[in-house]
Amino acid sequence: TIDLIGKIMSHLEESGAVRGASDPDKAFTTKISTAFSGRHPKFARNPTAGDYEFGLKHYAGQVTYDTNEWIDKNRDPLESEIETIMTSSKNTLLAKFFAEFNLNKDSGAGGSSRNTSTRNRGALMTISSAYKEQLTSLMSTLQSTNPHFIRCIIPNHDQTGDYLTDPIVIDQLKCNGVLEGIKISRMGYPQRYKFSDFLKMYYLLGDNVLKKSADPKSSCQKIMDQLVAEGVVPTKDEKGQANFQLGISKIFFRVGMMAKIETAREAKLASLIPTMQAAIRGLLARRAFRATKAQTNAIITIQNAIRQYIDWKNWAWFSLFQKIKKDIKRVDWDAA
């Protein structure tokens with residue numbers, strides 16, 4: 001469609017250069033109808049259409065255009081003298097507008113007198129040529145980047161929140177291609193994961209499967225084999241097509257399979273959590289018991305030492321030992 005619009009703009013430019021035609025708009029319509037009717041899939045012209053009508057098949061549907069006064073409107077850019085005056089205005093905002101959106105930049109302020117005289121003789125840039133330049137620039141930008149689009153959906157025409165008008169939303173989804181994209185996606189394997197990412201998330205579902213593996217593909221195969229054996233994921237759908245496939249670096253799923261796998265994962269976690277909680281409670285209880293037992297043994301040891309001291313402090317031999325203790329020669333048996 002974009003290519004067709006560019007070609008129509010070229011024909012409009014050529015038709016505008018022809019002077020003296022009695023009805024240039026009709027001639028332009030006839031010219032493009034002859035050039036594209038039945039030859040371009042996006043061009044449409046109803047046999048009962050008027051002399052100034054043609055249609056284009058856009059993605060959202062066919063749009064009919066009326067070419068009445070197109071030639072005159074296409075020749076209607078501002079003259080270079082007016083643009084020169086406006087760009088030299090003392091009003092900064094006004095001068096910026098005319099400098100930014102000037103269709104005749106070659107003959108604007110700062111342009112040569114020769115360029116100005118050439119433009120005055122009818123070489124002014126037309127609206128169609130400006131559109132073609134913008135379209136070329138846009139396509140160059142799109143081809144050099146990776147664009148992403150945000151689709152905004154109007155929920156209703158009342159400009160209020162908290163509710164949706166179903167026909168309005170469905171119509172928008174049809175026009176912007178979302179439903180078509182979903183339909184195409186459902187025919188294939190819309191959900192896909194790298195083997196390492198899938199293994200990291202769902203290794204719990206396989207017996208003796210580690211979170212990290214030197215061969216993640218075989219580990220993913222073990223998980224899927226076990227899920228099939230347990231009846232979580234059927235191997236094929238009602239049409240006999242495989243519900244999942246293992247590629248070179250990714251695993252692919254049809255619509256609805258990941259929901260079943262996620263449900264199985266949640267059930268597995270629900271069964272593991274009580275076991276983990278019991279193990280943690282047991283560990284904490286054993287640590288508390290060992291601490292209490294060590295504290296009890298320390299208390300008993302201190303009590304025994306105090307009792308012995310009380311029993312011995314009035315014993316004559318113990319008193320004598322305390323007095324001669326500093327004079328007793330000690331032998332370092334370890335050194336000997």
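Q: Ser128: buried or exposed?
A: Ser128 counts as buried, at 1% relative accessibility (buried is under 20% relative accessible area, exposed over 50%, partly exposed in between; 1.4 Å probe, protein chains only). This is a predicted model, in which local features need pLDDT of at least 70 and side-chain atom pairs pLDDT 80 or more, while totals for chains, interfaces and linings use all residues. Residues are numbered from 1 along each chain as its sequence is written, and side-chain values use heavy atoms, without hydrogens or water.

Q: Which element holds Ser128?
A: Ser128 lies in helix H7, residues 127-144 (helices are DSSP runs of H or I with at least four residues, strands runs of E with at least two, numbered from the N terminus).

Q: And what does the side chain of Ser128 pair with?
A: The side chain of Ser128 makes a polar contact with that of Glu13, at 2.5 Å (N or O atoms within 3.5 Å, one able to donate a hydrogen and the other to accept it; sequence-adjacent residues count only if both atoms are side-chain atoms). Beyond four places in sequence, Ser128 touches Met9, Leu12, Glu13 and Asn74, where contact means heavy atoms within 4.5 Å.

Q: Changing topic: at what angle do H1 and H2 pack?
A: Helix H1 (residues 2-17) and helix H2 (residues 24-36) pack at about 140°, with axes 10 Å apart (axes are fitted to C-alpha atoms over the stretch in contact, angles running from 0 to 180 degrees between N-to-C directions). H1 and H2 are therefore oblique to each other; under 35 degrees is roughly parallel, over 145 roughly antiparallel, 65 to 115 roughly perpendicular, and the rest oblique.

Q: Which residues make that contact?
A: H1 contributes Leu4, Lys7, Ile8, His11, Leu12, Glu14 and Ser15, and H2 contributes Phe28, Lys31, Ile32, Ala35 and Phe36.

Q: Where is Thr67 found?
A: Thr67 occupies the loop between strand S3 (61-66) and helix H3 (70-74). Its relative accessible area is 0%, so Thr67 is buried.

Q: What is Thr67 in contact with?
A: Leaving aside neighbours within four places in sequence, Thr67 contacts Asp25, Phe28, Thr29, Tyr52 and Phe54. With Thr29 there is a side-chain to side-chain polar contact at 2.6 Å. Thr67 and Thr29 are 38 residues apart along the chain, and their C-alpha atoms are separated by 6.9 Å.

Q: How many helices and strands in the protein chain?
A: The protein chain has 13 helices and 6 strands. Of its 336 residues, 23% count as buried.

Q: And what share of contacts comes from residues 24 or more positions apart?
A: Such pairs account for 50% of the contacts in the protein chain with a separation of 6 or more.
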